[in-house]
Amino acid sequence: MKQFVFIAVYLVAVTLPLILSWIVGGPPRSFWQEFASGLGILAFSMILIEFVLSGRFKSVSNGIGMDVTMRFHQFMARAALVFALLHPLLYQATPVGGQRPWDISRQLTITTDFSDLVTGIAAYLLLPSLVLLAIGRTQLDYKYETWRLIHGVGALMIALLLLHHTIYAGRYGGQAVMMWFWLAMTGVAVGSLLYVYLLVPILDKARPWRVKTITRLTPKQWEVTVVPDGHAGLSYKAGQFVWLNLGHSSFSIRENPFSISSAPAAGPQMSFMIKELGDFTRTLDQIKPGTRAYLDGPYGHLCVDGRTEPGVALIAGGVGLAPLLGILRQLRLTSDPRAVKVIYGNRTDKQIAYRAELDAEDVTYVLSEPPADWCGETGFIDGPLIDRVFSDEECRDWIFVLCGPAIMMDIVEDHLLDRGTPADHILSERFDYG
Ligand SMILES: Cc1cc2nc3c(=O)[nH]c(=O)nc-3n(C[C@H](O)[C@H](O)[C@H](O)COP(=O)(O)OP(=O)(O)OC[C@H]3O[C@@H](n4cnc5c(N)ncnc54)[C@H](O)[C@@H]3O)c2cc1C
């Protein structure tokens with residue numbers, strides 16, 4: 001249901017400039033000219049709306065999920081790129097030229113004034129570069145933070161260039177109503193950057209946290225616990241995540257998303273289960289207790305609060321255990337009557353974290369590289385394993401919460417749907433939307 005509302009709101013927002021331009025109108029032109037203008041208008045509004053689909057707006061990402069938000073952002077950026085690339089090409093079939101003396105209000109002709117077109121040309125070159133850099137981000141050997149900075153600054157430049165191009169070269173954008181409309185939409189886009197990079201850090205600065213403990217859980221996984229410093233903490237739901245900034249200014253872009261593995265019922269202290277992966281997570285051994293931290297959140301929709309299913313299935317691969325641990329702990333601390341089963345997959349037994357705590361639960365451990373004396377499940381979390389752990393009734397009636405490698409989640413989701421689990425009984429969070 002939330003997805004339908006989201007799509008409806010998106011469609012209205014993205015087509016509004018097109019509809020308004022049509023209402024504002026002008027003397028009729030050939031189909032191709034109108035079509036070319038329409039594609040340009042659509043591309044610009046899609047680009048501006050991309051700013052609020054950045055994953056940092058709870059009203060968007062907490063409803064449909066962070067990974068869906070980000071994949072939608074990526075898909076729409078590609079669609080906008082195609083529309084933008086086609087936009088000037090379609091004008092080719094029609095006569096163009098400088099302003100005609102008889103067309104003072106520029107209703108019938110397309111400008112070829114270089115000063116009006118140059119911003120459009122610059123955006124035309126920048127946009128594919130930005131999208132290609134995003135698509136090839138993981139192949140290109142540069143830091144995530146560098147990419148994020150380039151992406152943000154590049155997007156801002158494109159928005160401003162397109163605003164100028166739309167108002168000065170556009171047939172519709174030059175009209176007063178549309179000009180104010182585009183200014184307002186660009187204002188929202190630029191405002192969203194100011195919100196994320198200025199307002200949120202200012203608010204975070206007033207609510208600092210401190211690292212209480214940092215503990216190695218397994219050879220490559222850590223537990224970081226933070227406590228609020230002079231405030232009451234964060235109100236969140238079990239299974240949500242925050243952007244965590246450890247040891248930098250609240251204005252730094254060096255912050256990473258991590259699921260909260262503690263339960264809200266445990267009090268204001270919060271913990272995170274973090275796997276060593278890249279330049280930040282591999283330096284966790286250098287973080288000292290007392291280090292200042294900032295938290296932006298909570299985000300995410302991986303929550304079972306208020307759900308009415310009789311049982312909760314928690315299926316984790318590796319560090320995907322983190323949010324599910326938060327849910328499990330909350331269920332236990334609140335004496336929740338729902339039945340719980342956990343499946344926890346890893347490569348080796350040394351990677352199993354929180355073993356003592358999990359042993360008290362109905363847990364199935366799965367190892368793909370088990371030691372010789374391993375008596376538990378082996379291989380990967382797949383359909384046959386799900387069938388061994390859950391009955392038909394449980395598959396049909398329970399809620400399934402999944403977090404782990406993309407391949408595991410795809411296989412389990414498909415299998416559950418085949419076995420009759422309703423789609424709205426499956427909640428999942430991906431750590432990488434690459
Ligand atoms: C919603 C969500 C929840 C997560 N929860 C956990 C968790 O509980 N425990 C855990 O170990 N990992 C979690 N991750 C993954 C974690 O964010 C990355 O492993 C971590 O950011 C890597 O940072 P790095 O600098 O060490 O590695 P890098 O080499 O810099 O990054 C490796 C990859 O991590 C991702 N990444 C890095 N920085 C960011 C960022 N600022 N924003 C978004 N993605 C980024 C990118 O895909 C990047 O390619 C979560 C990710 C998401 C999206």
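Predicted model: local features only at pLDDT ≥ 70, side-chain atom pairs only at ≥ 80, totals over all residues.
**Chat about the ligand site and the chain around it**

Visitor: Which atom of S259 lies 3.0 Å from an oxygen atom of the ligand?
Guide: A backbone N or O atom of S259 does. Residues are numbered from 1 along each chain as its sequence is written, and side-chain values use heavy atoms, with hydrogens and water left out.

Visitor: And how far does a polar side-chain atom of N256 lie from an oxygen atom of the ligand?
Guide: For N256 the distance is 2.8 Å. D432 also has a polar side-chain atom by a ligand oxygen, at 3.5 Å.

Visitor: How much of the ligand's accessible area does the protein cover?
Guide: The protein covers 91% of the 880 Å² that the ligand has on its own (Shrake-Rupley method, 1.4 Å probe).

Visitor: Which elements give two or more residues to the shell around the ligand?
Guide: Those are α6 (144-169), β3 (241-246), β4 (256-259) and β5 (270-275). Helices here are DSSP runs of H or I with at least four residues, strands are E runs of at least two, and both are numbered from the N terminus. Strand β4 gives the most, with four residues.

Visitor: How many residues surround the ligand?
Guide: There are 24, and the closest are R137, E255, P257, K275 and T281. To count, a residue needs a heavy atom within 4 Å of the molecule.

Visitor: Nice. Why does the ligand lie between domain 1 and domain 2?
Guide: Because domain 1 (2-204) and domain 2 (209-299) both give residues to the shell around the ligand. The bounds come from an automatic or database domain assignment, which also gives domain 3 (311-429).

Visitor: What separates the centres of domain 1 and domain 3?
Guide: The centres, taken over C-alpha atoms, are 42 Å apart. The C-alpha trace of the chain spans about 90 × 50 × 40 Å along its principal axes.

Visitor: Is C403 buried or exposed?
Guide: C403 is buried, at 0% relative accessibility, whereas C375 is exposed at 77%. Buried means under 20% relative accessible area, exposed over 50%, and partly exposed in between (1.4 Å probe, protein chains only).

Visitor: What about the loop between β3 and β4, which residue lies there?
Guide: S250 lies in that loop. S250 is buried, with a relative accessible area of 8%, and its side chain reaches the backbone oxygen of P201 at 3.0 Å.

Visitor: Last one: which residues does a cis peptide bond join?
Guide: G297 and P298, with omega about 0°. P298 is in strand β6 (residues 292-299).

Visitor: And where is Y354 found?
Guide: In the loop between β8 and α9 (355-359). Y354 has a positive phi of about 55° although it is not a glycine, and Y354 is buried at 13%.

Key. Polar contact = N/O pair within 3.5 Å; in protein donor to acceptor, adjacent residues only side chain to side chain.
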